[in-house]
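Here is a short briefing to read alongside the model. Have the sequence and the 3D view open, and follow the topics in turn.

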Amino acid sequence: MKYAEDNRLPTVEDGERSRFLARQNELKGKLRSLGHVNVDAVDEYNEVKARYETISTQLSDLRASREDLENVIRGIMEENSLTSKAMFSKFLEMSYSPEELTAFYENPVDGDLFSYATYLVTAEEGADPAEAKTAAEALVAGFQDGYDGETDLITAFNDLLAEDFPEASATERTNILGSDLEADLRDWLVAGERQPGDVTAVEAENGWTVVLFREHSDNSQDTVSVRHI
């Protein structure tokens, strides 16, 4: 008491002292109930905060990328829609003169596709040109007699050529428009009765061409209904 009085400190009466001690014990109990203090809490918080900021940035980038992608897709779809409308409009404007229509119906196979193979047989220098015809006709007969109907046509044709012309191979012509067929081969190729595996010899400017027929397609396409979104 004297120390408090000498230093002008507030004094505590005996009655108040017990009240303060009780309050002190109460506060100590609350501190103990808080448990162990994690001294690394600040560092852990900063680490979690940094991860959160990184993930938030990545999420923002993904959202921006998604928006960009949606804009690109939307642009492509709009462009396709405009292109389709323009093509359809152009189709409606198409017209043909009577002469063009006549030419088309006189040559209906011009738009068809033909696949075949050829090999040009020429006579050796100084030899009788008729020898080329004889050799070509021999190839035709050899294929007609020897083809088994199962082997690939080109393979069978090349095997036959190799018997008399070891270094030779057929020239394959695939999906050739009827309008682009060689003039000297056209009549034979477009004949309605022509079947895969048919073979013939046709006179050419510098020899005889052996022609193997493979396929004739009318070049039609399956169509489907398309709905633009």
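The buried residues of helix α6 are Leu-153, Ile-154, Ala-156, Phe-157, Leu-160 and Leu-161, where buried means under 20% relative accessible area, exposed means over 50%, and partly exposed lies in between (1.4 Å probe, protein chains only). Looking down the axis of α6, these buried residues fall within an arc of 165 degrees, so they line one face of the helix; the arc is taken from the directions from the helix axis to the C-beta atoms. This is a predicted model, in which local features need pLDDT of at least 70 and side-chain atom pairs count only at pLDDT 80 or more, while totals for chains, interfaces and linings use all residues. Residues are numbered from 1 along each chain as its sequence is written, and side-chain values use heavy atoms, with hydrogens and water left out.

**Helix α6 and its neighbours**
- The buried residues of α6 pack against β1 (113-121), α5 (130-146), β2 (171-177) and β4 (207-217), with contact meaning heavy atoms within 4.5 Å.
- Helix α6 covers residues 153-164 and reaches 18 Å from its first C-alpha to its last, close to the expected 16 Å (1.5 Å times one less than its number of residues).

- Thr-118 lies in strand β1 and is buried, with a relative accessible area of 12%.
- Leaving aside residues up to four places away in sequence, Thr-118 touches several residues, including Phe-157, Leu-185 and Val-210.
- Arg-194 sits in the loop between α7 (183-189) and β3 (199-204), and Arg-194 is buried too, at 15% relative accessible area.
- Trp-188, Leu-189 and Phe-213 are touched by Arg-194, not counting residues up to four places away in sequence.

- Ile-76 belongs to helix α3 (residues 41-93) and is partly exposed, with a relative accessible area of 44%.
- The accessible surface of the protein comes to about 18000 Å², and 51% of that belongs to carbon and sulfur atoms (Shrake-Rupley method with a 1.4 Å probe; for residues, only the protein chains shown count as cover).

**The whole chain**
- The protein has 7 helices and 4 strands, which are DSSP runs numbered from the N terminus (helices H or I, at least four residues; strands E, at least two).
- From the N terminus on, the elements run α-α-α-α-β-α-α-β-α-β-β.
- Of the 229 residues in the protein, 21% are buried.
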